[in-house]
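User: Hi! I'm new to reading protein structures. Could you walk me through this one with some questions and answers?

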Amino acid sequence: MKRDEKRSSKTSVIAGSKPSGVVRIISGRFRGRKLPVLDVQCLRPTTDKNKEMVFSWLMAYTSDARCLDAFAGSGGLGFEALSRYAKSCTFIELDKSVAKNLAANIQLLGLSSQQAKIIQGNTIDVLETLNTLDNVEQPYELIFLDPPFHQNLLPQTIKRLVEKNLLAIDGIIYIECEAQGMTYSVSENWQMIKEKRSAQILARVYQRIN
């Protein structure tokens, strides 16, 4: 891989192939379960504190939702949604080793292929053909966008989501990015309903209104 190549997952270069940490599921049917994660540069598992905030925002939208975790990394957001009774979650992950770790954690939780699916590849490219790859008959009701920082991936990703009509009417999208130096625009029919900004992170929730 060229040194300046953009990567469209939460990971960059593998630092080790063995799990070196865990993500904890904080609520729902898998509450308290700890899932191993690989030692990978730029992997940013969502902290328990942030997950508490995000899923307090998403409480009314998670149950029975068809979810897309578009930059999966550790899978912390997607697994949390599944624990809180989302109908299904599709995980997109660029790095093959991280994707294998996600598959192992799906087995660890006893989730079926109908409940959890992994697509390994570049997120922006995968979104182009996701309707076919994921047998999408209707748009997703809950989408997570938490890409690696400082790679300017959000504008292209949002554009592809809109072009391919991947967010359902009344659907919810959670976007997390660096607080400084990142700008993006969204479709005019996405209405922002939640926002929190810290020194490091900008988190927003939008709902598609038509």
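User: In which sense do strand 7 and strand 9 pair?

Analyst: This is a predicted model, where local features need pLDDT of at least 70, side-chain atom pairs count only at pLDDT 80 or more, and totals for chains, interfaces and linings use all residues. Residues are numbered from 1 along each chain as its sequence is written, and side-chain values use heavy atoms, with hydrogens and water left out. Strands (E, at least two residues) and helices (H or I, at least four) are DSSP runs numbered from the N terminus, and two strands pair if DSSP finds at least two bridges between them. Here seven bridges link strand 7 and strand 9, and the sense is antiparallel.

User: Which residue in strand 9 is the bridge partner of Trp190?

Analyst: Strand 8 and strand 9 also run antiparallel, joined by seven bridges. A hairpin of three residues connects strand 8 to strand 9. The partner of Trp190 in strand 9 is Arg208.

User: Is strand 9 largely enclosed or open, and how many of its residues are buried?

Analyst: Buried means under 20% relative accessible area, exposed over 50%, and partly exposed in between (1.4 Å probe, protein chains only). Ile201, Ala203, Val205 and Gln207 point one way from strand 9, while Leu202, Arg204, Tyr206 and Arg208 point the other way, and all are buried. Strand 9 is therefore largely enclosed by the rest of the structure, with a buried count of eight of the eight.

User: What about helix 3: how many of its residues are buried?

Analyst: Helix 3 covers residues 76–83, and its buried residues include Leu77, Phe79 and Leu82. Because of this burial, helix 3 is largely enclosed by the rest of the structure; the count is eight of the eight.

User: Is Gln180 buried or exposed?

Analyst: Gln180 sits in the loop between strand 7 (167–178) and strand 8 (190–197). Its C-alpha atom is 8.0 Å from that of Ala199, 19 residues apart along the chain. Since its relative accessibility is 58%, Gln180 counts as exposed.

User: What share of the chain's 210 residues is buried?

Analyst: The chain has seven helices and nine strands. Of its 210 residues, the buried share is 53%.
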